[in-house]
Amino acid sequence: MKTKNWIKEQRRARVKQRLGKIMKCLCSGEQLIVDEIVPSPASLATKDYAVGAYSPHAGEIDLKPDTGNIEEAESSLRESGYLNYEEARALMGRYEYQKGNIEAALHVFEGIDIAAVTPKMRLTLSRRVERPKRFSQSDAAPPMSIHAVSLLLEAVYLKAKSLQALGRYKEAAQSCKVILDIVESSLPEGLPENFGADCKLQETLNKAVELLPELWKLADSPHEAILSYRQALLYHWNLEEETTAKIQKEFAIFLLYSGSEASPPNLRSQMDGSFVPRNNIEEAIILLMILTRKVSLKRIDWDPSVMDHLSYALSVSGELRALANQVEGLLPGLIDRKETYLTLAYCYYGETEDLTALNLLRKLLHNKEDPHCIPGLLMASKICGENPEYSEEGIDFAQRALEDLVGRCDEMVGVAHCLLGISLSAHSRSVIVDDEKVKRQSEALQSLENAGTLTRMRDPNIVYHLSLENAVQGKLDAALHYAKCLLKLEGGSNLKGWILLARVLSAQKRFLDAENIVDAALDQTGKWNQGELLRLKAKIQIAQGQLKNAIETYTQILAVLQVQNKSFGSGKKHLKHNGNHDRTLELETWHDLASVYISLSQWDDAEICLSKSEAISHHSASRWHVRGLLHQAKGLNKEALKFFRQALDVEPTHVPSLVSIAVVLRKLGSRSSAVVRSFLTEAIRLDRMNASAWYNLGLLYKDEGVASAVESAECFEAAAFLEETSPLEPFT
């Protein structure tokens, strides 16, 4: 045993001695003739670059070889009995690279003819996989040792790193790609387990796989970067789990934020019916979901930034429900419970599930959780302000936020004041007592004015609500002023600002100006977003007696919606809330068009419009009401009454149907005035700004004679005021 160890040590010493001679020859530039070096057309001495010329301290070169290099070279010498020209250059190049002599290292690496040895490297790699399967003595030995292959591939990698350090990114990427192409073409099925574990081959491949996409990005070649990322993830490189996760994350980030649109991947092993991402966002979402799944399986460590990027990707694609599912599926403790409540509330609010979002915020703002969470308080107040039945709770949330914001930045305080004003305004509409209603309206306007002052009238949302609240309260001049300020502030980029300005002008009976505003807005708005503007334009045309023009405008809306539905149906992703909005717009457009045909006594055309509406939604209070108007126009009051009642069955708070029932009952005289009055007072309770309800109530009081003359006069006065200040479309 001792003899064997002694022989092994002697052999190792001889290898080191021969390697030392080679290193000394390469460093000095002298020609050393030894049997171990394969003859080359031109010796290193005549072709090599003088290393000292590139060293920071010429003449002070450390000739001590690197241990890692020696071990790799020793393995190659033991297996083949010699160190050839390319291997010697690879060894010397690494030696210079480690010393920091980048240009000298690059010169040495460039002397390696990698194309010439590539066939041998491929054959060696492929035979290394085949030999364990069918090994026999008759099998030919591979043309190179696996250690020599490892040494040469590492040289190519270091050449790429040298080029990167010198700012030659495209050349560096091309050099790095050579490594992956050689391995992938040699082993098309991927690397077996523990392949190259006895040398540095696996380590070199890991580094090259990570480096290549970064080099293409530095070379400003996004398409090649995407292909290299896919190559890294689709080919079996035997990467560690953390390395694969890092590449997946970096690829997802590049897809989301690079601004370069990737073509769909062409998966060779794709199964029939499997999902293939159609764009950057979908591919990024898949990658990020894979990462969250790995976290759940405890295969990788938790990275909070992954959820940040996934939240962005799913939000911009309108998949907030999917985001909520991802957050709910995370292991407990990865995200703080308070943050979970807030994130889920945002998701469900975005999916128009307001009550679910509000319940989550109530849990968050409970005394046992975080009652002083400012984002939670503001979000809860916003939701309550948009839902009148929760408006009182919204007032409380906004006031609590203001208490916690004392001494904080004016912008945040301004937002809290704005939300308080919105909730107060919503609450004022449900108040029955006039004094309380006036008080709430005054407080709402004051809160919004405070918000405008604190934000120096630079917040478009606050300016919008200032204009809106003034308009709702009949202060049209102030509303017009703020609407113009909003248009200037946003530069006409927001559709809501244009529509509000046109509605205010229509309330002032300035129909020509309102139509001009709508036309200007149409010029600034894309085709898919013109529906609401065109509908308002049609109503302005009706108010001016231009019924034929209105019919053409309504037809234009329906044509746009039809083309839009076909476009999105062919593969485009249409956000859910946009789809519901378009469906409602189409439904109401058919109803408006039917009403125009009714006014023109074109009964058949009106019937066609109503049949189109029924195909969209069978249960529509508006459609039953318009059908009732059609029968009423024909003089069929009893049939009309049936349809109005059906409208109330669908929607008990449908104000137009309440008023229409009262009108028909008054005409028929089949019910007492108290019954008729009950329908009108209920309509006024639901909508105090309804001029028609006030007018018909005045007529009812007038029918009762002198005893109700005062009430009749007050109702007519209210109706006249509302008629003068009512817009063609409700402000809210």
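User: Which residues of α18 are buried?

Analyst: A residue counts as buried when its relative accessible area is under 20%. In this predicted model, Ser391, Gly394, Ile395, Phe397, Ala398, Ala401 and Leu402 of α18 are buried. These residues lie on the same side of α18, because the arc they cover around the axis is only 165 degrees.

User: Which exposed residues does the face of α18 turned away from its buried side carry?

Analyst: Exposed means over 50% relative accessible area. On that face of α18 the exposed residues are Glu392 and Glu403.

User: What covers the buried residues of α18?

Analyst: Cover is read from contacts, that is, heavy atoms within 4.5 Å. For the buried residues of α18, the cover includes α16 (354-364), α17 (374-386), α19 (410-428) and α20 (434-454).

User: How many helices and strands does the protein chain have, and what share of its residues is buried?

Analyst: The protein chain has 34 helices and 0 strands. Of its 732 residues, 48% are buried. Among contacts with a separation of 6 or more, 61% join residues 24 or more positions apart.

User: Where does UniProt place the feature "repeat: TPR"?

Analyst: An unreviewed UniProt entry places that feature at residues 621-654. In the model, this stretch is 79% helix and 0% strand, with its end C-alpha atoms 7 Å apart.

Definitions and conventions: Residues are numbered from 1 along each chain as its sequence is written. This is a predicted model: local features need pLDDT of at least 70, side-chain atom pairs count only at pLDDT 80 or more; totals for chains, interfaces and linings use all residues. Side-chain values use heavy atoms; hydrogens and water are left out. Buried means under 20% relative accessible area, exposed over 50%, partly exposed in between (1.4 Å probe, protein chains only). Helices (H or I, at least four residues) and strands (E, at least two) are DSSP runs, numbered from the N terminus. The arc is that of the directions from the helix axis to the C-beta atoms. UniProt positions are given in the numbering used here, feature names are shortened, and annotations may be inferred rather than shown by experiment.
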